[in-house]
Number of protein chains: 2
Amino acid sequence: MQLTLNSPLDMHLHLRDGEMLRTVAPLSAHSFAAAIIMPNLVPPVTTVEAVTAYKGRILEGIGNEKFDPLMTLFFQESYDVAFLEKAKPYIHGIKLYPAGITTNSEGGVSTIDSAALNMTLTAMSDLEIPLLIHGESNGFVMDREKEFVPVYEDLAQKFPDLKIVMEHITTKESVAALEHHENLYATITLHHLLITLDEVAGGMLQPHLFCKPIAKRPEDREALLSVALSAHPKVMFGSDSAPHPQYAKENCGCAAGVFTAPIALPVLAQLFDTHGKLDNLQTFVSDNAQRIYNYTPPQKSVVLEKKAFTVPEKYGNVVPMYAGEEIGWCIQSVS
Amino acid sequence: MQLTLNSPLDMHLHLRDGEMLRTVAPLSAHSFAAAIIMPNLVPPVTTVEAVTAYKGRILEGIGNEKFDPLMTLFFQESYDVAFLEKAKPYIHGIKLYPAGITTNSEGGVSTIDSAALNMTLTAMSDLEIPLLIHGESNGFVMDREKEFVPVYEDLAQKFPDLKIVMEHITTKESVAALEHHENLYATITLHHLLITLDEVAGGMLQPHLFCKPIAKRPEDREALLSVALSAHPKVMFGSDSAPHPQYAKENCGCAAGVFTAPIALPVLAQLFDTHGKLDNLQTFVSDNAQRIYNYTPPQKSVVLEKKAFTVPEKYGNVVPMYAGEEIGWCIQSVS
């Protein structure tokens, strides 16, 4: 059995920089037509010059692959209309991090308040620049996303013309919020469709499945599955694939992030196939994002085949999800 | 400031065997007068011969320390009156593990059912041998202990004269169960008084704080603190100190267990002092256990002093809780 995906998109991707970028960028560029690139470098990407320079390094890193890096800025409260007008041609969104909430987010926003952010968000709304948010409070780890939902709802209400993407949602509360506000959208990762906290810490502790937001409860995973498998019009695939060198994962004080980029499409095909929903994968992994972002990707055909494939133990020094395990689908060809 | 503890007891301790036993047993034996020794060796301790041989290895391992290892058997459904009568002089309790629920528990009980276990539990009740239980279901990791409470309650009701110790409790539901059944008791670890899942997985992933049952929510920790700090008559200190070699903790697939034995008393003193409850520590760490187990320990005076102490990075190849950190109390002398 085969499935052809047209221009699959990864709407939330970490490519890092330097040697790591050169390791992982070609893997995403091989099977995706485009991806929204996260700006949480050190230092974060906060100027047009930094955006274009980073895009240049990505294009250099991917070699001959046909791949469109959709750049983003790291949100700052100081962004004004003049800056955003200048930046708009170079970016597809601005990513807002609560300060200190995840990897390299120290320069994020301390208080996410619709009044305090009014200048920047009004300008973004007027210029039709999507706002991408890592939505977690600084509360108890299992409650952080749920506690952030009122912030999403406040922003959605105060800025009804601003497209707000709830990034890598993990809870049933976030899924429910999609229905309450027309301008709320969401990305969903591969791993949050597959695991709960049980896979991270229910048996032995599994550092390679440790991520932020942390995987939640079975009923949360069910809620995510239901909107992803049905290709709900407001959800998009965003891998949040986040490479860390092996030593930073298998260590005392392991870094957060699951590396899924090279296996994402085959495992998604397997998941949708298992649930009899293969017909919806194209919409989940590309069409919804094209409509929500008003974006037309380069043409790319990815043929997936239902055929056993053993995931490599490592890509460079990065251990992927399912390392060394057999999965039921593979990439047959890309053109 | 100083505090003298008389014959402190650790009512739940893992000493393992072989080289590991020789590393960790002297550390417990130095500051505790006695400890309930867990029987989950490979193979588990299920015969009187194994009990006495293991006790011999412990006494050999501790050298000249004055320390009473209180031995336990690994529960088996086949234990009958004849066996238990023979075993009683050698043991202080029998530890029941649901099969596969934690380290070396593969030989545990598959279905914990008051009818199926009737023969053994009736005999234990008649012979006044306490039943010690690792109370977790095989459900979602954060729900496992809560889901086990009905099992505790059923056993407590069906065997009203059997002393049942809920080991290393971690939830407000277990704390509440103490009030509902006269014959339910509990041990509480040091680490569950100090951490929640936030410390394990809220920032970076911390393998040295990963344990079973996993640390729970803030309101659970509050419930534990309230009965421990007040030295509730039905709770006892049990460290569940569980040594693993460093490589088994800092790795892909980290083993469960926190190593606290050598720092337990100073950190308990610091905790009780911080809450203005130093006067209750003697009861929590010794008197309650003596009454519940009807046991008189050897005389041992441990003088603790409020004085900064830096915890060693390792004891042998085992990394303790607070490795390399400064704590506010230390052991001044033992006699």
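## The contact between the chains

In this predicted model, the contact draws on 23 residues from chain A and 23 residues from chain B. Helix α8 (residues 197-201) of chain A supplies the largest share of the side of chain A that touches chain B, with 3 residues. Sorted by class, that side of chain A holds 14 nonpolar, 6 polar and 3 charged residues.

Let us turn to how the copies are arranged. Chain A superposes on chain B (RMSD 0.0 Å) through a rotation of 180 degrees with 0.0 Å of shift along its axis. This is the relation of a two-fold axis. Of the interface residues of chain A, 100% are also interface residues in chain B, so the copies meet through the same surface.

## A sheet in chain A

Chain A has an open sheet of 6 strands, in the order β5-β6-β7-β8-β9-β10, with parallel pairing. The edges are taken by β5 (72-74) and β10 (235-237) of chain A; each has a single partner strand, so one side of each is left without a neighbour in the sheet. From one strand to the next, the twist averages 30 degrees.

## A bent helix in chain B

Where does helix α1 (residues 18-31) of chain B bend? The bend, about 30 degrees, is at B:Val24, and a proline, B:Pro26, follows within four residues.

B:Val24 is also one of the buried residues of α1(B), and others among them are B:Leu21, B:Ala25 and B:Leu27. The cover over the buried residues of α1(B) includes the strands β2 (9-13), β3 (34-37), β11 (301-305) and β14 (330-334) of chain B, along with helices α2 (48-61) and α11 (264-274) of chain B.

Key. Residues numbered from 1 in each chain as written. Chains lettered and ligands numbered in written order. Predicted model: local features only at pLDDT ≥ 70, side-chain atom pairs only at ≥ 80, totals over all residues. Least-squares fit on C-alpha atoms with pLDDT ≥ 70 in both. Contact = placed C-beta atoms within 7 Å. Bend = angle between axes of the 7 residues up to and from the residue. Helix = DSSP H or I, 4+ residues; strand = E, 2+ residues; numbered from the N terminus. Buried ≥ 20, exposed ≤ 12 C-beta atoms within 10 Å, placed from the backbone. Nonpolar A, V, L, I, M, F, W, Y, C, P; charged D, E, K, R; others polar. Pairing = 2+ DSSP bridges. Axes fitted to C-alpha atoms, helices over the stretch in contact; angles between N-to-C directions.
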